[in-house]
Amino acid sequence: MPFGGGPRLCPGADLAKLEIAFFLHHLVLNYRWKTMADDFPLAYPYVEFKRGLLLEIEPIPDMAGIGNIET
């Protein structure tokens, strides 16, 4: 069980959860990703990917300047 449990809980557990939340927030808002063409999930006895879930990640272009046309 990660970070222990019961009365001996890891003191960094909440900090680790907060850091992962910030990372996921940044990843979802600023990047697009898709699995490689030949990678697919195998669902028996548990979900795993044929090649280990290789991803193609690309940044989303900055949308701040779109729509502001200067003449």
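Lys-34 and Glu-56 form a salt bridge, with their closest N and O atoms 3.9 Å apart. A salt bridge here is a side-chain nitrogen of Lys or Arg within 4 Å of a carboxyl oxygen of Asp or Glu. Lys-34 belongs to strand S1 (residues 31-35) and Glu-56 to strand S4, so the pair ties together parts that are 22 residues apart in sequence. The structure holds one salt bridge. Side chains of opposite charge can pair when their charged atoms come close.

This is a predicted model, in which local features need pLDDT of at least 70 and side-chain atom pairs count only at pLDDT 80 or more, while totals for chains, interfaces and linings use all residues. Residues are numbered from 1 along each chain as its sequence is written, and side-chain values use heavy atoms, with hydrogens and water left out.

**Overall organisation**

The chain has one helix and four strands, arranged along the sequence in the pattern α-β-β-β-β. Helices (H or I, at least four residues) and strands (E, at least two) are DSSP runs, numbered from the N terminus. The average pLDDT, the predictor's confidence in each residue from 0 to 100, is 80 for the chain, and 77% of the residues score at least 70. Confidence is highest in helix H1 (residues 13-30), at a mean of 92, and lowest in strand S2 (residues 41-42), at 83. Where pLDDT is low, the predicted coordinates should not be read in detail.

Of the 71 residues in the chain, 3% are buried. Buried means under 20% relative accessible area, exposed over 50%, and partly exposed in between (1.4 Å probe, protein chains only). The chain exposes about 6,700 Å², of which carbon and sulfur atoms supply 64%. These areas come from the Shrake-Rupley method with a 1.4 Å probe; for residues, only the protein chains shown count as cover.

**Accessibility of selected residues**

| Residue | Relative accessible area | Class |
|---|---|---|
| Lys-34 | 52% | exposed |
| Glu-56 | 38% | partly exposed |
| Leu-55 | 38% | partly exposed |
| Leu-53 | 36% | partly exposed |
| Arg-51 | 38% | partly exposed |

**The nonpolar patch**

Val-28, Leu-29, Trp-33, Leu-53, Leu-55 and Ile-57 make a nonpolar surface patch of about 560 Å². Helix H1 and strand S4 (55-59) are the elements that give two or more residues to this patch. Patches are made of residues with over 30% relative accessible area and no salt bridge; like charges are joined within 9 Å, and nonpolar side chains (Val, Leu, Ile, Met, Phe, Trp, Tyr) within 5 Å. Leu-55 is found in strand S4, whereas Leu-53 is found in the loop between S3 and S4.

**Loops and backbone features**

Leu-53 has a positive phi of about 60°, although it is not a glycine. A further backbone feature is the cis peptide bond that joins Tyr-44 and Pro-45, where omega is about -5°. Pro-45 lies in the loop between S2 and strand S3 (48-49). Most residues other than glycine have a negative phi, and most peptide bonds are trans.

Arg-51 also lies in the loop between S3 and S4. Leaving aside its neighbours within four places in sequence, Arg-51 is in contact (heavy atoms within 4.5 Å) with Met-36, Asp-38 and Asp-39. The C-alpha atoms of Arg-51 and Pro-41 are 9.2 Å apart in space, and the two residues are 10 apart in sequence. Across the chain, 27% of contacts between residues at least 6 apart in sequence join residues at least 24 apart.
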